[in-house]
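Work through the exercises below with the model open beside you. Try each task before you read its solution.

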Amino acid sequence: TTEINPLNERWLMRLGLAYRASKQPGKMAAPYERVLSMFPCYADAAFGLAYAYESQGQHARASDTLNKQIECIRSNDAAIADDLRRGIAFEASADYEYAIKEFAEAIRVSLDRGNGPASALAHYYVGEADALGGKFDQAVEEDIRLFGISIEAAELLNCLYVAPHEGRPCF
């Protein structure tokens, strides 16, 4: 039999997904928080935790969780982190076209350098900027791309932007 180990990050990630699938948002955050306490730069755990926070209406905590991942990226590659920060600044000022250009550059550089977590975060932000800019078809395309990179990131993008636009609940 397989032993359940609460210190095993794969087991904890599956537990978080199980809570999400069974629509138990109150329990969803704890496994992801535990993973991040052991591995602070585990991008999929950060997306899962951001999803958990968003599902409970804790938008600032979700944003803070993703911002911490940018700092993780900075520790390995300051140029990608700078592209992401510039994109976020353009997005905050509703300049979605320039935001997407910065995020696209972060994707290009992260792919050139084999930085998957940075690529997932940049793809997420491209989809977010598309959705905020009213380009929902592009946001859906980005969501589909994300499923091949990070299911957790794709679920977050889908639930925050795609599902509401399509008039279906997600959380």
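**Exercise 1: a helix and its ends**

Solution. Helices here are DSSP runs (H or I, at least four residues), numbered from the N terminus.

This is a predicted model: local features need pLDDT of at least 70, side-chain atom pairs count only at pLDDT 80 or more, and totals for chains, interfaces and linings use all residues. Residues are numbered from 1 along each chain as its sequence is written, and side-chain values use heavy atoms, with hydrogens and water left out.

Next, look at what lies at either end. At the start of α7, a side-chain oxygen of Asn115 comes within 3.1 Å of the backbone nitrogen of Ala118. Just after α7, Gly134 has a positive phi of about 85°.

**Exercise 2: the disulfide**

Task: find which cysteines the disulfide joins, and state its handedness.

Solution. Apply the cut-off: two cysteine sulfur atoms within 2.5 Å. Cys41 and Cys72 qualify, with S to S 2.1 Å. Cys41 sits in the loop between α2 (25-38) and α3 (43-55), while Cys72 is in helix α4 (residues 59-76), 31 residues apart. Now take the torsion about the S-S bond: it is about -85°, so the disulfide is left-handed.

Definitions and conventions. Helices (H or I, at least four residues) and strands (E, at least two) are DSSP runs, numbered from the N terminus. A polar contact is a pair of N or O atoms within 3.5 Å; within protein, one must be able to donate a hydrogen and the other to accept it, and residues adjacent in sequence count only if both atoms are side-chain atoms.
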